[in-house]
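This briefing sets out selected features of the model shown below.

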Amino acid sequence: MKSVSLWKCYFLGLALLLSALFVFYQPVLLGGRDYFVSDHTYFFEPFARFIEEGLRRGRLPSWNPYLYCGMSQLANPSPGIFYFPTALFAFLPYSQAMALTLALSQVVAYGAGFLMAVELSLPAAAACALGLMLALNGYMFSLSANYSLPASAAWGFLTVALFLIMMRSDGRKRLTYMALSALTCHLTIMAGRPEIFIPIFSVLAVVALAPLRRLKQENMGRLLTAFLFPAASFALAILMSMVSIAPGYEWTKLSPRASGLALSQVFLWSANWYDFICVFTGQPLGDLQHALSRFLSVVTSRKGYFPFLPTAHVGSVVLLLACLSLAYPGHKLRRILLLAGFLIAACLAAGDNTPLSRLVLAAVPPLAVLRYPVKLLVFSNYFLCLLAAHGFAQTVSDSYSSELKRLIKLLCAVFLSLSLLFGLAYLLRDFYGSQTFKIDALAVKEFTLSPPAFFAMLFKSLFLSALIAFLLSLVLAFSERLKLGSREKTALIMGALLGSILTPSYQMPPRTVAAGFYRNVPLADKLQSLSQEPGSESFAVKGRGRYLTCYFDPLVVAKGYVPRQPNQFGETYMQYCRELLLPNTNVSLNYPVTFGYEAAETKDYHKAFLDCLHKSSVDVKGASDLPLYRFCLITSTRFLGTQIKGKKGSSNLMNSRFFELIEENKAYNRRLYKVRQAGDRYYVSKHYREAKSVAETTAWLLSKQPEAAMTPEAVHDSFVDLIETAPDIGSVFEQDNFFYRDMEDEKDLERLQMASLNRSVTGLTPGRRPLVSSAKLLTDEDNHLTFSVSMEKDGYFVLNDRFYPGWHVKVDSLPAKLLRANGFMRAVHLNAGSHLVEFDFRPKSFSFGLFLTAVGFALTLVCLLVGLAPLIWQGILFLSYGSSRGKAATASQGVQEQ
C-alpha cells in the first residue's frame, strides 16, 4: 500500500510539473518565439547551429574553422557535442530544442528530489514537494541562456540520490545502483560545466566517506567494500566521459586558464546582496535582462552588464519550511550537515564578498580555472530545499509537538515583524529616497540613496513575500482550532509552495522574439559581397575573407539604429550585436573571424592579439597600428571593423597606410576597413628562417620599425616567415612516445615502410623539373583540406589556419611532419616538384578518449546486466510462459488442475 501511495504521489507531482513546464515553454515550443538574450546570441545559438549542420550532414563537427582561424569544437565542453540532448538541435529549431533540453533538466531535477526524499525516509508528499522545489526554483527557470548549468546540477543531484541508495544496498542491487549512478555522473560531466560537477564530486566524496563514522562499530573489510562501490562508480563515470574529458584536458593545458585565471576574472560575477534577496522574493526590480532597465547599474555585480543569473528564487515558503525543519525529530547530524552545506555554498557563491572563496583558492590553486561564483547559488538552493522537505514532513503531520508549536509561533512573529518593517519602508520611501547622507564614523563622507521608485519596487516585493510566509505560519499556528487534517495541510502548503515559486518565473519568463532573429545580418552580407571581388581566391575561407572585430560588449547602440522587427526591451541591443558580427555570432553565419569570446582559444594567440590591439589606435590615440597590421597579415585577415563611438567616446581612425576605410555607417555606429595588401590564406613561402618558439613571433609583432619603412609594401618586402621545425605541440596525446595509436597511424606507418622499401629496391625517385611555385586549394572541408602545390625549389608551404594538436599532414599520400609558421599557423616542408598536400584533423585525444569511453560503457553495461540478471530472467520467463515462475510452475499448475 505504501509503494502504491508513493507512486501515485510521484506521478501526480510529475503531472503538475509537466503542466507547469508546458505553460512556461509554450511560447517557444508552439508559438514560434526565439530565445535571444545574452549567451543565446553570443554563444549557444551560434555553436548549436554549427553542431546541427555537422550532424545533419552525418559528420562529427570536431573542428570549427570560423573562429580564431580555426578552433577545436571537441574541446568546447558547452554545448557538448556528446551530451545526448544536443542531438535535438539537428532535428528542431534552436529555441525549441533549447526549451526541451531545459525541460528535461527540470524533470531530472524533480526525479532527483523525489528519490532523495524517499531515501531520507521522508513521506511521499514531502518527496513530491522536494522534487518540485528542485525543478521549479528560479535557478532552473531563469538560466535558459546558460542551460548547461541547470543540466549539470540536475544530473548531479540525481547522482547524489543514487549514491545514497547504493551505499545502503547490498548484493546485486548495489551493483545495479553503482552502474546507474555511474551513468548519471557521466551525464553530469557531459553537460559540460565543471563549475557545477566539481562541487558535485565534493558532495559525492562526503557521501562515500560517510561509513567511516562507523569505524569502531564495523570491521574494516565491510567499510572498504562500502567505499569500493562509490569509487568504482566514479571511475566508470570518468571512463565513459573521456571522449569529452581528453580533448578538454588537452585544450586546458594550452588555454588562457592553463595557469589559472586572475582573481579579478574568477570573481567577475559574485553573488551580492541583491542575488540573495532574489532567493527570497524573486526579482523585486523586475526583469534586468535588457539595457533599458532603470536600476541595472545599482544592483548588478558586474557594472554595465546584464546579471549572469537573473534569479535563484525559491521563495519565502521554502524559507519558512526550512526554518521549521529545526524541530524535526531525530537526524540531528543530518540537519546540521544540510545547514552547513547551505552556509558554505552561500559563502562560496558570494565570491570576493566573503573571505571563504579566497581561502579555498589559496588552498587549491587549480580551482582558479573556474569563474563566476554566483553559479554556486544552485547548491545553496539545494541544501535549503532539503531542509524545507524535512520542514514539510513536520508541518503536514496530524499533530504538532510542543517544540514545533513554539517554533511556528516564533516564526509567525518574525515574518509579521518583517512584513511591518518592509511595509513601513515602502510607505516612507519619499522621505529617504534620493537623500544624501554623511557617516563620518565609517569614513564615508557622503552617499546618495537611490530614488523612491527603487525602494518602492524593492520593499513592495519584500513585503508581499514576508506577508505570504506570515499568513501561512499563522494558519499553521491555528491549524488545530481550524481542524485541519494532514490532507488539508498538505494541499494548503503545496499550493502556497507552488504559487510562491512559480509566480515570479511566470511574471518574468525568458525574453523571446519573433522567429527570424538570427537571420539576415547586413554586415555579413556586405563582407560576402566584398569577398567576391576578382583575385580574392587565395584569401578565401569557404569563399569569404576573414574579418577582425575590434569592439567588444558593452557596445554603444547608435541612436538612429532601427531594429528589423518591432522593438522589445533588450532586442535592439542583442540584434545590434549580431548585425555588427560580434565575435562568436559569426559561427551561425559560417563567416570566418579572427577573434572571439573565449571558447577553445589558446593563450598564446589570445595574448598576441590583445597585445597588438591594446597598442593600436583602437585603444590609444596616436598609437602605431603596425602590430595590429602584422597580426592581420599572419592571420590572413582581410577586413576590420570598429565602432564610431564607443564607451570611451569617439573611436580613433585607423592608420590609412595599413587600413583603408571603405564604409562609415552612422546608423549602425560602424566603421569598416579593408586591410591593405592582406596576407594570403595559403602560399609558398619566399623568405623564411627557423624559429624556436612562439615568443619570437610575439616579439616580431610588437617590434618597432623606422617611420620610412611603415608602409604595406615595406612590411611585405621585409616579411620573413618564422618556421618552427621542432614545434612544441603542447599535447601529451600527440607525443611520439604516447602508448596509444589509432588505425590510421598504423596505416601511415605501413605506407612509410612501403615507400622506404620501394626506394631501397629501385634506387629511384620520381623525376622532377623546376616549376614556378604555386598552390591551389582542391578541397576545403572543416576537418580535411587538400592542396596542389608546385615548388620551384625546396621550401615551405604555409597555410594560415590554426596550428593545433590533432592536425596531421600528408605529402603525396605519405605522412609528413607538421610545422608551425609564424607562431600560430601550419606549414610543411616540400621538396622541389609537384605535390598533393593533405591536412586532416584527427586528434588522438579524441580517438583515445573514444576508446576509453567505449570501455567504460561496456563495463557499466556488464555491471547493469549482472545486477538486473534476476529481473531480466523473470521477464524472459514471463514472455515465454506467461509467468515469471517458468515452465515448471506452469506444469505443476496443470497437474493440480487435473
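**Salt bridges**

Arg578 and Glu45 form a salt bridge through their side chains, with an N to O distance of 3.8 Å. Arg578 belongs to helix H23 and Glu45 to helix H2 (residues 39-56), so this pair ties together parts that are 533 residues apart in sequence. Both Arg578 and Glu45 are buried. The model is predicted, and it holds 20 salt bridges.

- A salt bridge also joins Glu195 to Lys375, whose closest N and O atoms are 2.5 Å apart.
- This pair links distant parts of the chain, 180 residues apart: Glu195 is in helix H8 (residues 194-209), and Lys375 is in the loop between helix H16 (356-363) and helix H17 (377-395).
- Glu195 and Lys375 are both buried.
- The side chains of Asp801 and Arg546 meet in a salt bridge at 2.6 Å, N to O.
- Here too the pair links distant parts of the chain, with Asp801 in strand E18 (residues 795-802) and Arg546 in strand E7, 255 residues apart.
- Asp801 counts as buried because its relative accessibility is 6%, and Arg546 counts as buried at 1%.

**Buried residues in loops**

- Thr585 is located in the loop between H23 and helix H24 (603-614).
- With a relative accessible area of 0%, Thr585 is buried.
- Beyond its neighbours within four places in sequence, Thr585 is in contact with Thr41, Tyr42, Pro46, Cys577 and Arg578.
- Asn669 lies in the loop between E11 and E12, and it is buried, with a relative accessible area of 6%.
- A polar atom of the Asn669 side chain lies 3.1 Å from the backbone nitrogen of Ile644.
- Not counting residues up to four places away in sequence, Asn669 touches Val556, Ala558, Tyr576, Thr642, Gln643, Ile644 and Lys645.
- Gly823 is in the loop between strand E21 (819-821) and strand E22 (825-830).
- Gly823 counts as buried, since its relative accessibility is 4%.
- Gly823 and Ser693 are 130 residues apart along the chain, and their C-alpha atoms are separated by 7.1 Å.
- Leaving aside neighbours within four places in sequence, Gly823 contacts Val694, Thr697 and Glu724.

**The buried face of helix H22**

- In helix H22 (residues 522-531), the buried residues are Leu523, Ala524, Leu527, Leu530 and Ser531.
- These residues lie on the same side of H22 because they cover an arc of only 125° around the axis.
- The cover over the buried residues of H22 includes strand E7 (546-549), helix H23 (571-579), strand E8 (637-642), strand E11 (659-665) and strand E12 (670-675).

**A nonpolar patch on the surface**

- Leu861, Leu865, Ile872, Trp873 and Ile876 form a nonpolar patch on the surface, and together they have about 490 Å² of accessible area.
- Helix H29 (844-867) and helix H30 (869-881) are the elements that give two or more residues to the patch.
- The most is given by H30, with three residues.
- Ile872 is found in helix H30 and is partly exposed, with a relative accessible area of 38%.

Note on methods. Residues are numbered from 1 along each chain as its sequence is written. This is a predicted model: local features need pLDDT of at least 70, side-chain atom pairs count only at pLDDT 80 or more; totals for chains, interfaces and linings use all residues. Side-chain values use heavy atoms; hydrogens and water are left out. Patches are made of residues with over 30% relative accessible area and no salt bridge: like charges are joined within 9 Å, nonpolar side chains (Val, Leu, Ile, Met, Phe, Trp, Tyr) within 5 Å. Accessible areas come from the Shrake-Rupley method with a 1.4 Å probe; for residues, only the protein chains shown count as cover. A salt bridge is a side-chain nitrogen of Lys or Arg within 4 Å of a carboxyl oxygen of Asp or Glu. Helices (H or I, at least four residues) and strands (E, at least two) are DSSP runs, numbered from the N terminus. Buried means under 20% relative accessible area, exposed over 50%, partly exposed in between (1.4 Å probe, protein chains only). The arc is that of the directions from the helix axis to the C-beta atoms. Contact means heavy atoms within 4.5 Å. A polar contact is a pair of N or O atoms within 3.5 Å; within protein, one must be able to donate a hydrogen and the other to accept it, and residues adjacent in sequence count only if both atoms are side-chain atoms.
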